[in-house]
Amino acid sequence: MAAAAGSAVLLMLTLVAAATSVSGQHDYSDALRKSILFFEGQRSGRLPPDQRLRWRRDSALNDGATAGVDLTGGYYDAGDNVKFGFPMAFTATLMSWGLIDFGRSFGAHKADARKAVRWATDYLMKATATPNTVYVQVGDAFRDHSCWERPEDMDTPRTIYKVDPAHPGSDVAAETAAALAAGSIVFRDADPAYSKSLLDRAIEVFEFADKYRGPYSSSLHAAVCPCYCDYSGYKDELLWGAAWLHKASRRREYREYIKRNEVVLGASEAINEFGWDNKHAGINVLISKEVLMGKDEYFQSFRVNADNFICTLLPGISNHPQIQYSPGGLLFKVGNSNMQHVTSLSFLLLAYSNYLSHASVRVPCGTSSASPVQLRRVAKRQVDYILGDNPLRMSYMVGYGARYPLRIHHRASSLPSVSAHPARIGCKAGASYYASASPNPNLLVGAVVGGPTNTSDAFPDARAVFQQSEPTTYINAPLLGLLAYFSAHPNLAQSDLAND
């Protein structure tokens, strides 16, 4: 029975992969280069001499000044000009995870990928320089969103928001600790002193997050909601932060914290979710590596959770109501900016497949099972869809392929550059550019947009439809590891599948 079910799953995966494939091989290395380049377009602060997207200029050079702190740098999260610490920290964590697991596959792009991580971690070090305080946002989201102006011109309030003992934010603080801990692993060999600074700060920030518990959505509700409310609560971030600190420090205290709080902090909850808000699936996959690599049977229950999660993603196995596949083969979850789910869940599939391969085991899914190669094929199918293997025959990465989105929801990309239009473009003066049907004048190379938001595989390429046309840093972040792996392993041969 299990063998027959496994054959059925294999057939389903093959059909999905072949449904909209195009001739020729994707240049995953080029896509990786461009995906990293996107982060240069999202930079805030004083740009370095080696900045490659030259149409961007310095911006937000006084961030933090009103509070007497330096909060320059970091990334704008998407198509606006606000710096949101919660998704920025998650972005850094996922970029780092990609480098940690697939670093060798980055090849010539590894140095640039590390620079992308450091642009975030340098900022997060500034945001956590005051003990028991994390500065979590720069900019008034509502005022910013009422304007359409370049970051170089913006004159909306650069209001500073922070969490502290009187206004706790365990979620954003623990995610920040995770980002710093993950970054410390990335720089362990390349810059040992910086690595140690990151880990030392991560330990301090996690202690603050755990000691002063509460969601930042309550402490700063008017500022962070609805943009980045933490709807899943802060407990998942505490486990997530502890997991990364355990991985980075190998201290027994974090191992014990994870096991002691596994049930209390809900490790098995909402296992089909993973993103800037909900870390449950990521926690289980990350910790399962300890089990599958033969290092720690102590965490066996996390592997069971991870197995259950992986099974919900597999076409032909999953009947999970929140996981669907479009006719063209795109993984789909209800909500906006679907590509954030596609890239983050595909990354977990790929990471877990590597852990399974090391242990020479399969994922048990009821009466069936799935091999590591099958997981990689599902992940690769999603990457290929993004790069153009879809019913519209268009890439959802700007600048990759012959056809890609031209009217993305992004202020800096859609307005004339400073070099093309030196005069200031005011808050409301940008409205005509927003409403224009013309392509964006500045190519935000490597940006992956939200993509189709229903199961029809449709995409309007309209600036106003931000749910589909806006890029975000946390769409691209997990994509780095995926593209690196497939650039080094472009072919998943049918013979491999036949032998599985």
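**Notebook: salt bridges, helices and aromatic pairs**

I note for all entries that the model is predicted.

I then looked up the accessibility of both partners. Arg 52 is partly exposed, its relative accessible area being 34%. Glu 40 has 6% relative accessibility and counts as buried, because buried means under 20% relative accessible area.

I recorded 24% relative accessibility for Asp 112, which counts as partly exposed.

I turned to Asp 307 and Arg 303, whose side chains meet in a salt bridge at 3.6 Å, N to O. Both residues lie in helix α13 (residues 300–313), four residues apart, or about one turn of the helix. I note the general point that an α-helix has 3.6 residues a turn, so residues three or four places apart point the same way. Are Asp 307 and Arg 303 buried or exposed? I found Asp 307 buried, and Arg 303 as well.

I also traced a network in which salt bridges that share partners join Asp 30, Arg 33 and Lys 34. For the structure as a whole, I recorded 30 salt bridges.

I checked the length of helix α15 (residues 372–387). Its 16 residues, at 1.5 Å a residue, should span 22 Å, and the end C-alpha atoms are 23 Å apart, which agrees. I then looked at burial and found 16 of the 16 residues of α15 buried, so this helix is largely enclosed by the rest of the structure. Just after α15, I noted that Gly 388 takes a positive phi of about 135°.

I repeated the check on helix α6 (residues 170–186). The 17 residues should span 24 Å at 1.5 Å a residue, and the end C-alpha atoms are 24 Å apart, in agreement. I found that 17 of the 17 residues of α6 are buried, so α6 is largely enclosed by the rest of the structure.

**Surroundings of Leu 480**

I located Leu 480 in helix α19 (residues 473–488). Leu 480 counts as buried at 1% relative accessibility. Which residues is Leu 480 in contact with, leaving aside its neighbours within four places in sequence? I listed Leu 32, Ser 35, Ile 36, Phe 39, Met 95 and Phe 106. I also took the separation between the C-alpha atoms of Leu 480 and Gly 388, which is 17 Å for two residues 92 apart along the chain.

**Aromatic rings**

I recorded 26 aromatic pairs in the structure. For Phe 206 and Tyr 254, the ring centres are 6.1 Å apart and the planes stand at 75°, so the pair is edge-to-face. Phe 206 lies in helix α7 (residues 192–211) and Tyr 254 in helix α11 (residues 252–261), so the pair ties together parts that are 48 residues apart in sequence. I found Phe 206 buried, with a relative accessible area of 4%, and Tyr 254 likewise counts as buried, at 5% relative accessibility.

I looked up another pair, Phe 299 and Phe 302, with ring centres 5.7 Å apart and planes at 90°, so this pair is edge-to-face. Phe 299 is buried, as is Phe 302.

I then examined one aromatic cluster, which is formed by Tyr 28, Phe 90, Trp 97, Phe 102, Trp 240, Trp 244, Phe 274, Phe 347, Tyr 485 and Phe 486.

**Charges over rings**

Arg 43 lies over the face of Trp 119, 4.5 Å from the ring centre. Arg 118 lies over the face of Phe 187, at 5.9 Å from the ring centre.

How values were computed
Residues numbered from 1 in each chain as written. Predicted model: local features only at pLDDT ≥ 70, side-chain atom pairs only at ≥ 80, totals over all residues. Heavy atoms only, no water. Salt bridge = Lys/Arg side-chain N within 4 Å of Asp/Glu carboxyl O. Buried < 20%, exposed > 50% of the residue type's maximum accessible area, 1.4 Å probe, protein only. Helix = DSSP H or I, 4+ residues; strand = E, 2+ residues; numbered from the N terminus. Expected span 1.5 Å × (residues − 1). Contact = heavy atoms within 4.5 Å. Phe/Tyr/Trp six-rings, centres within 6.5 Å; stacked < 30°, edge-to-face > 60°. Lys NZ or Arg CZ within 6 Å of the ring centre and 35° of its normal.
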